[in-house]
Each structure stands twice: as structure tokens, then as C-alpha cells.
Amino acid sequence: MRLVTIALLALLALVHAELWFGKGGVPRVMELSGKLAEQKKLNEAGRQRNAQLLAEVSDLKEGLEMVEEKARFDLGMVKPDEIFVQISPAKR
């Protein structure tokens, strides 16, 4: 009976050691959980950026206001009857 108890305790110790130090042990699970949380944040940021781009594409397809705004901001477009005034920030 004593030999069976010792064998069972040895097996229990082996299983416990595998839990803490093995390939799929607790430290590895914690590491992967951290990486998963980080990736979820990156995915959410990507989803928000995709939604923003989708809205911008929709605006570009549907109306000319967005096209005009982009031309004014990115290319410096000025209509023939407009005056362009550029204000530079004050130096400190």
C-alpha cells in the first residue's frame, strides 16, 4: 500500500511540475494572454480606421463637398473669386 501511495505522489508531483514548468504551463498561458489583449487593442484600432476610411470613401462617392474639402486642404485649391490668407503661428 505504501508503494502505491509513493507512486501516486510521484505522479502528482510530475503533473504539477508540468503545469508550472511545461510547454503549456501557467507562465506561457499568462504570456499568451498578454499578447492576445495587445492584439485585440490593435485590431480595434484597425477596425476604427477602416470605418473612418469607409465613411470617407462613401462621402467621396456621393458628394462633391468632400472632394472640394480635400482639394482645399491637401492641394491648396482656391476658387477664382476667393482671396487666400495664410496666418502663421506666433513665435515664442
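Biologist: Which helix holds Glu44 and Arg47, and how many residues apart are they?

Modeller: Both lie in helix H2, 3 residues apart, about one turn of the helix. Helices here are DSSP runs (H or I, at least four residues), numbered from the N terminus. This is a predicted model, in which local features need pLDDT of at least 70 and side-chain atom pairs count only at pLDDT 80 or more, while totals for chains, interfaces and linings use all residues. Residues are numbered from 1 along each chain as its sequence is written, and side-chain values use heavy atoms, with hydrogens and water left out.

Biologist: What do the side chains of Glu44 and Arg47 form?

Modeller: A salt bridge is a side-chain nitrogen of Lys or Arg within 4 Å of a carboxyl oxygen of Asp or Glu. Glu44 and Arg47 form one at 3.7 Å, N to O. The structure holds 7 salt bridges.

Biologist: Which residue pairs with Lys70 in a salt bridge?

Modeller: Glu56, with the closest N and O atoms 3.2 Å apart. Lys70 is in helix H3 and Glu56 in helix H2, so the pair ties together parts that are 14 residues apart in sequence.

Biologist: At what angle do the axes of H2 and H3 cross?

Modeller: Axes are lines fitted to C-alpha atoms, for helices over the stretch in contact, and angles run from 0 to 180 degrees between N-to-C directions. H2 (residues 26-62) and H3 (residues 65-75) cross at roughly 110 degrees, their axes coming within 6 Å. The two helices are therefore roughly perpendicular (65 to 115 degrees). Glu56, Asp59 and Leu60 of H2 make the contact with Met66, Val67 and Lys70 of H3 (heavy atoms within 4.5 Å).

Key. Angles under 35 degrees count as roughly parallel, over 145 as roughly antiparallel, 65 to 115 as roughly perpendicular and the rest as oblique.
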